[in-house]
2 protein chains.
Amino acid sequence: MADTSREWRLAKRPHGEPELDCFELHERDVPVPERGEVLIRVRYLSVDPYMRGRMRDSESYADPWAVGDPLRGGVVGEVAASESDRYDVGDLVSGRGTWADYTVLDAADVTAVDPDIADLPAYLGTLGMPGRTAYFGLLEVGEPKPGDTVVVSGAAGAVGSTVGQIAKLNGCRVVGFAGSREKTAWLTEDLGFDAAIDYRAREDYAAALEEAAPGGVDVYFDNVGGPITDAVFTKLNRDARVAVCGQIAHYNDEEVPTGPRKLPSLIATRARVEGLLVRDFATRHDEANDRLARWVDDGDIVHRETIVEGLENAPDAFLGLFAGDNVGKQVVEVSTPP
Amino acid sequence: MADTSREWRLAKRPHGEPELDCFELHERDVPVPERGEVLIRVRYLSVDPYMRGRMRDSESYADPWAVGDPLRGGVVGEVAASESDRYDVGDLVSGRGTWADYTVLDAADVTAVDPDIADLPAYLGTLGMPGRTAYFGLLEVGEPKPGDTVVVSGAAGAVGSTVGQIAKLNGCRVVGFAGSREKTAWLTEDLGFDAAIDYRAREDYAAALEEAAPGGVDVYFDNVGGPITDAVFTKLNRDARVAVCGQIAHYNDEEVPTGPRKLPSLIATRARVEGLLVRDFATRHDEANDRLARWVDDGDIVHRETIVEGLENAPDAFLGLFAGDNVGKQVVEVSTPP
């Protein structure tokens, strides 16, 4: 085991789109687990759009990071030292750690992963927090019924790609918005989406949606916001449900963004619009994990990860989320098997 | 009984704020009821903001009126001729008729009213459609819990004034937005609102709300939209409920209005925003009517009507809704007791 561990810290708060000098790679001694803790040698770490919110100096649903704090997020790796009876050295686990070579976690917050079901990166995507977000957000907030038309924005991302497939498993017609021809082809050819709209190739999203979903929209799972969402709202059916999961189009905004008002249209549709956070379903995480693992194991759900190599490239991978560089889950490979 | 009946018709579609030349008073023979129908001598008719939507040439939740059509809405009056076993001449009833001296209704769609509980105009307000809208909208969409802070816009209107009082009966703290000192005084002194904000006297609605509801907003019952709603959205608590009942600030807009985007804030609050129409609760109208009548009879709910005299002034009364002329329900007195 190495003596030192690299760790990314927040060097300064971004204004608008983050730049690389907002991040600082620090070298420190490998941390030492205390009683009840485990030391993880990180194999993959997760970069997620919501982390942009934690870089702001304002309260939101996640506490803001202080300048100088290590960046945190999902990690998967192997136990390198254990002060817990729960895990032995060499066990493969996932949890919430730091963007680092080594990270210490409370053993109670760690979950064993099974490499026979999927390779490790999947446990940061479809078999991790994004998969659970898709599962609870679609089923509990979106409430899809067989025959419903479900529209997903950010459909080729970790959450969106899982949402669309769960909707198909529930008998829905599924339409995705994604940002390249490669992505839309993946959605329709590999994931079973009924239609996919390349929002970078189309200009009139409402017209594109009219073609792809002529019967209107019963469930909208929104990861994006902005003009895509504006168009979808004009096509909502009576009693439609909108699950507001993410608004990546607005995460770098410095001012409150403006756009078409949506409340007037809600009276005619009686649509329900509701924000969601996966942590509200924490007591049911095992249910989602088990169900998602079974779907993946049975081949009912396809997953994909975009892997950037090297901890030193983690900020690039994070910034790539806002450029839409990832197909499926964006992860960073920190180390290879020992 | 007179031989002729005056009747207001839509002369042309308004653009922006309606003007008086959009309406035309027509004189015709008194209509004759057929089997199963009753002829009503109208005593009071209702003008409601939602009628503006029916003057547009576009589908919404209510079918558009054709140019030349009689204007329709709630009426209360006495049966002048009956071809039904259900009602006798002289019975006092309410129903949905035309803006006219006499109107024919299907007896099955008519409801008897009890002048011992309240004077006739109340049956177009708190004891009529607006009261039922308040009842179902607040209780079924707003889901108030004791101790919740409930904010109502258009609080001195027929719907809003009833919403606030039902919320008080449910143990909530109630804050209303209204457009004059007379209205806010009525809310706090006669109706038991905990606080009322005169939005014409204040400029910073968010600051006013911070004073009136320092603990934030759990339920927002929106009749108005626009800047008041923008301010309330910045104060929504975790798991807040927003019942979108009306958006009078936008009914005269010719273009889709723009404003601050609200979806990004829903993730942190997990607020639920839902449109409502009272007709979705049609099977439960008797429940609401009975409950509201009991509250009024017991003195638990105060009601008030603003009465414009004369059928010839009905368009003025309608236009006055957009100027905020009414305190409580705006009605038009069409005739006096025979």
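Biologist: What makes residues of chain A and chain B count as being in contact, and how many are there on each side?

Modeller: Contact requires heavy atoms within 4.5 Å, and 37 residues of chain A are in contact with 37 residues of chain B. The model is a predicted one, in which local features need pLDDT of at least 70 and side-chain atom pairs count only at pLDDT 80 or more, whereas totals for chains, interfaces and linings use all residues. Residues are numbered from 1 along each chain as its sequence is written, chains are lettered from A and ligands numbered from 1 in the order in which they are written, and side-chain values use heavy atoms, with hydrogens and water left out.

Biologist: What area do chain A and chain B bury between them?

Modeller: About 2,800 Å² is buried between chain A and chain B, 62% of it on carbon and sulfur atoms. Buried area is the accessible area (1.4 Å probe) that two parts lose on being put together, summed over both.

Biologist: Why is the pair A:Arg261 and B:Asp230 called a salt bridge?

Modeller: The term requires a side-chain nitrogen of Lys or Arg within 4 Å of a carboxyl oxygen of Asp or Glu. The closest N and O atoms of A:Arg261 and B:Asp230 are 2.8 Å apart, so the pair qualifies. Across this interface of chain A and chain B the rule finds six salt bridges.

Biologist: Which elements give two or more residues to the side of chain A that touches chain B?

Modeller: They are helix 6 (226-233), strand 12 (236-244), strand 13 (258-260), helix 7 (263-269) and strand 14 (272-275) of chain A. Helices (H or I, at least four residues) and strands (E, at least two) are DSSP runs, numbered from the N terminus. The residues on that side of chain A divide into 18 nonpolar, nine polar and 10 charged.

Biologist: Where do the domains of chain A lie?

Modeller: Domain 1 covers 4-125 + 304-333 and domain 2 covers 129-279 of chain A; such bounds come from an automatic or database domain assignment. Their centres, taken over C-alpha atoms, are separated by 28 Å.

Biologist: What shows that domain 1 and domain 2 of chain A touch?

Modeller: Of domain 1 of chain A, 23 residues are in contact with 18 residues of domain 2 of chain A. The two domains of chain A bury about 1,700 Å² between them, 51% of it on carbon and sulfur atoms. A:Tyr61, A:Arg304 and A:Val327 supply 29% of the area that domain 1 of chain A buries there, more than any other three residues. Between these domains of chain A the count is two salt bridges.

Biologist: How do you know that A:Arg52 and A:Glu254 form a salt bridge, and what does the pair tie together?

Modeller: Their N to O distance is 3.8 Å, which lies within 4 Å, and therefore the pair meets the rule. Over all chains, the whole structure has 50 salt bridges. A:Arg52 lies in helix 1 (residues 51-54) and A:Glu254 in the loop between strand 12 and strand 13 of chain A, so this pair ties together parts that are 202 residues apart in sequence.

Notes
Nonpolar A, V, L, I, M, F, W, Y, C, P; charged D, E, K, R; others polar.
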